[in-house]
Amino acid sequence: MAADTAPEPERGPVRVLVFGGSLRADSLNGRLASLVARLVERTGAAVELAHMRDFTMPVYDGDVETAEGLPPGALALRERIEACDAFVISAPEYNASMSGVLKNAIDWVSRVRPQPFKDKHALLVSASPSLIGGNRGLWALRVPLEHLGTRVYPDMFSLAKAHEGFTESGDLSDSALQERLADTAASFVRLVEADTRYVCLQRRWYEFLGDRTDAPVTLRAQD
């Protein structure tokens, strides 16, 4: 007679952290992050909206890390990332790349062991007054995140001429772009839900030489 199978534990909604990668209080990327947070929340996900100012930290210095450990801002960001199933970054483009403050935050948080970016899903969006909407910065941002094991969603969203792109209510002025962004957010959440709530495949990841490759079926083991 077959043994009873314990029921799967009930799971809450997908947890998504959304934050803008700019320090400026009224940045275009902060406005885009707020919009994405609302669109993600409409899918039924649990959303936390944050700002880069919530995670103040000095420029990375190995001597400072050795003497003082990780700064509180880096530890706070680590905790937020660990607590979520996925995150969204609305990232500005500086000189055809990502902002220094965002790269610095990634460098600090990656020093935690186990580092929290591995196996998290990420959606990257950007807003810029330029005609390409900060898209080059998103390609630069993919590199360190994917190196750290983040599953960066293939479809990115860039809002060109963003200084003219928002209505007073915070939606996009272009209804077609609004619909595309909403569809992207919903598709992203569905993928995260499928991966984190219906785990059925044995995982084998070889991003790092020190990773375990003999882990059994897991609910996101980070050994």
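Glu146 is partly exposed, with a relative accessible area of 34%. In this predicted model, Glu146 forms a salt bridge with Arg142, and their closest N and O atoms are 2.8 Å apart. Arg142 counts as buried, at 9% relative accessibility. Both residues sit in helix H5, 4 residues apart, so about one helical turn separates them.

**Salt bridges**

The whole structure holds 14 salt bridges.

| Pair | N to O distance |
|---|---|
| Arg142 and Glu146 | 2.8 Å |
| Arg151 and Asp119 | 3.4 Å |
| Asp155 and Arg180 | 3.4 Å |

Arg151 and Asp119 link distant parts of the chain, 32 residues apart. Arg151 lies in strand E7, and Asp119 lies in the loop between H4 and strand E6 (121-127). Is Asp119 buried or exposed? Asp119 is buried, at 3% relative accessible area. Arg151 is buried too, at 17%, which is under the 20% limit for that class. The pair also belongs to a network of salt bridges that links Lys118, Asp119, Arg151 and Asp195.

Asp155 and Arg180 form another link between distant parts of the chain, 25 residues apart. Asp155 is in the loop between E7 and E8, while Arg180 is in helix H6. Asp155 is partly exposed at 33%. Arg180 is partly exposed at 35%.

**Helix packing**

Helix H5 (residues 135-147) also packs with helix H4 (residues 100-109). Their axes are 11 Å apart, at an angle of about 5 degrees. That angle is under 35 degrees, so H4 is roughly parallel to H5. Which residues of H4 and H5 meet? From H4 come Leu102, Lys103 and Ile106; from H5 come Leu141, Pro144 and Leu145. By class, this contact has 5 nonpolar residues, 1 charged and no polar.

**Aromatic pairs**

The count of aromatic pairs is 4. One of them joins Phe19 and Phe55: the ring centres are 6.4 Å apart and the planes stand at 70 degrees, so the pair is edge-to-face. Phe19 is in strand E1 (residues 15-20), and Phe55 is in the loop between strand E2 (46-51) and helix H2 (62-68), 36 residues apart. Phe19 is buried at 4% relative accessibility. Phe55 is buried at 2%.

Tyr153 and Phe188 also pair edge-to-face, 5.5 Å centre to centre, with 70 degrees between the planes. Tyr153 lies in the loop between strand E7 (151-152) and strand E8 (157-159), and Phe188 in helix H6 (residues 175-197). Tyr153 counts as buried at 14%, and Phe188 at 0%.

Technical notes:
Residues are numbered from 1 along each chain as its sequence is written. This is a predicted model: local features need pLDDT of at least 70, side-chain atom pairs count only at pLDDT 80 or more; totals for chains, interfaces and linings use all residues. Side-chain values use heavy atoms; hydrogens and water are left out. Rings of Phe, Tyr and Trp (its six-membered ring) pair if their centres lie within 6.5 Å; planes under 30 degrees apart count as stacked, over 60 as edge-to-face and the rest as tilted. Helices (H or I, at least four residues) and strands (E, at least two) are DSSP runs, numbered from the N terminus. Buried means under 20% relative accessible area, exposed over 50%, partly exposed in between (1.4 Å probe, protein chains only). Axes are lines fitted to C-alpha atoms, for helices over the stretch in contact, and angles run from 0 to 180 degrees between N-to-C directions. Angles under 35 degrees count as roughly parallel, over 145 as roughly antiparallel, 65 to 115 as roughly perpendicular and the rest as oblique. Contact means heavy atoms within 4.5 Å. Ala, Val, Leu, Ile, Met, Phe, Trp, Tyr, Cys and Pro count as nonpolar, Asp, Glu, Lys and Arg as charged, and the others, Gly among them, as polar. A salt bridge is a side-chain nitrogen of Lys or Arg within 4 Å of a carboxyl oxygen of Asp or Glu.
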